[in-house]
Amino acid sequence: GFRQTPLSYHNLHERGAREWITSARVGLEERGPVLLFTGAAMQDPVEEEMRRKDEKPPVTVRIARQLALEHFGVRGPHWIDRIVRFGRLATRVVPLNSYDDKNFLFYGRNIVKFYNGVESSHPDFIDAQARAMERARGAGIVTNTPKLTKEGKDVAYIELEGGEGLPARRHAMRVLDFIPGKTLGDVEQSDTLVEEAGSLVGSLDACFRDFDHPGFHRTHLWDLRNSLKLRGFVEHVVGEKRRELAERVLRDFEEKVLQEEGNLRWSVVHNDANDQNILVDGGRVIGIVDWGDALRTWAVCNPAIAIAYLMLDKEKEDMLARAAAFLRGYRVGSGCELEESEIRVIRTLIVVRLACSAIMAAYSSSKEPENEYLTLTLDAGWEALEKFLAIAEQ
């Protein structure tokens, strides 16, 4: 089945959902007030990460269908088609698992996305994602295309009233085209595919080297530069051995990466090129989805993050081979070269991303124990950490 969406979703199936919405007051704005997403203006990234879970949009299938039709003109198939193809994806609206947002697959052709309250309060970041997708497509990289509203905008802002004492909140809503195919995580990862993934990420980095947007100047917990902020979440990790491992990784970051900080290049990066966001079709890597973590940071973070997820569920002897295949593609396929300072820190950044994923999965699982997507990399992440750290650093 399909597992590709703007936020790496899994398990496409209907779920019974409690009706949280008491009413929906809908309003449409182009972008709202302009907010520069700069570190000085932002709240603490730890606080914002906690708020994302509490401000997840309380949207049901019924409300999603109503709003998609009202603002984007997204209609279901003709009633005859519904009968002929009853039960198929082409006739259904399917809720998708996600990390912080609420997303639905509409009739097998569109993703309807409702942003969480934190991101929705920063319209410049919402706009930056659309501009990044546009930039990538202009470089020949397959990614989602936003559908325009009836007024010709690529985003709508709606106000939803939440239940259980939650105040009314303004949420961004976007409709994206669904790209058929599979993800790299759904197929056997041959060396050729891994090299192609490296070439894709390298091509992304190349096309964003001279690109910028104020919405990407933001402070985000998933930015590897902010890894020391993870210490506030280590208490949610189950097991003393794993907590000690997390602290070890953060000490390594402090001692080995921060001393190189002044030597590292900066760029806008995708920041989440994991194997559930890289698209495969016809046995070839074709594109990438999910721009929710994109920002301006150290350029080396992008290949480090991609390599980290390729380490999951691999034996020690395969880990370096995977990393080597990816970097071959990154360098040869796109012409991107790592500088000496980036080579010195990339191993530690790979380890930090594995730790970040596992630590935040532990925290998120404590908030949403029923969400299977949040535990996807939990055990695999810790196992990969232990195996990778057992390989001699040189």
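## Close-up views of a predicted model

**View 1. An aromatic cluster and the ring pairs.** Phe-125, Phe-208, Phe-211, Phe-216 and Trp-291 are linked into a cluster by ring pairs. Rings of Phe, Tyr and Trp (its six-membered ring) pair if their centres lie within 6.5 Å; planes under 30 degrees apart count as stacked, over 60 as edge-to-face and the rest as tilted. This is a predicted model, in which local features need pLDDT of at least 70 and side-chain atom pairs count only at pLDDT 80 or more, while totals for chains, interfaces and linings use all residues. Residues are numbered from 1 along each chain as its sequence is written, and side-chain values use heavy atoms, with hydrogens and water left out. Across the whole structure, a search finds nine aromatic pairs. Phe-233 and Tyr-363 make an edge-to-face pair, with 4.8 Å centre to centre and 75 degrees between the planes. This pair links distant parts of the chain, 130 residues apart. Phe-233 sits in the loop between α6 (191-208) and α7 (240-257), and Tyr-363 in helix α10. Helices (H or I, at least four residues) and strands (E, at least two) are DSSP runs, numbered from the N terminus. Phe-233 is buried at a relative accessible area of 0%; Tyr-363 is buried at 4%. Buried means under 20% relative accessible area, exposed over 50%, partly exposed in between (1.4 Å probe, protein chains only).

View 2. Phe-326 and Tyr-330 are stacked, with 6.3 Å centre to centre and 20 degrees between the planes. Both lie in helix α9 (residues 316-333). They are four residues apart, about one turn of the helix. Phe-326 and Tyr-330 are both buried.

**View 3. Strand β4 between two partners.** All five residues of β4 (residues 110-114) are buried, so the strand is largely enclosed by the rest of the structure. In a regular strand, side chains alternate between the two faces of the sheet. In β4 both faces are covered: Asn-110, Val-112 and Phe-114 are buried on one side, Ile-111 and Lys-113 on the other. Strand β3 (residues 102-106) runs antiparallel to β4 and is joined to it by five bridges. Two strands pair if DSSP finds at least two bridges between them. Phe-106 stands opposite Asn-110.

**View 4. Tyr-157 in strand β6.** Tyr-157 lies in β6 (residues 156-161). Its relative accessible area is 2%, so Tyr-157 is buried.

View 5. The largest nonpolar core holds 89 residues. Trp-291, Phe-326, Leu-349, Ile-359, Met-360, Trp-382 and Leu-385 touch the most other members. Helix α10 (residues 340-367) gives the largest share of this core, 15 residues. Apart from it lies another core of 18 residues, among them Val-74, Phe-106, Leu-160 and Val-175. A nonpolar core is a set of buried Ala, Val, Leu, Ile, Met, Phe, Trp, Tyr and Cys residues joined through side-chain atoms within 4.5 Å. Leu-385 touches Leu-245, Val-249, Val-351, Leu-354 and Ala-355, leaving aside residues up to four places away in sequence. Contact means heavy atoms within 4.5 Å. Helix α11 (residues 378-389) has twelve residues. It reaches 17 Å from first C-alpha to last, close to the 16 Å expected at 1.5 Å a residue; the expected span is 1.5 Å times one less than the number of residues. Buried residues of α11 include Leu-378, Trp-382, Leu-385 and Phe-388.

**View 6. A three-stranded open sheet.** The strand order is β8-β10-β11, with antiparallel pairing. β8 (182-183) and β11 (284-288) are the edge strands, each pairing on one side only. Four bridges join β10 (residues 278-281) to β11. Asp-281 has Arg-284 as its bridge partner in β11.
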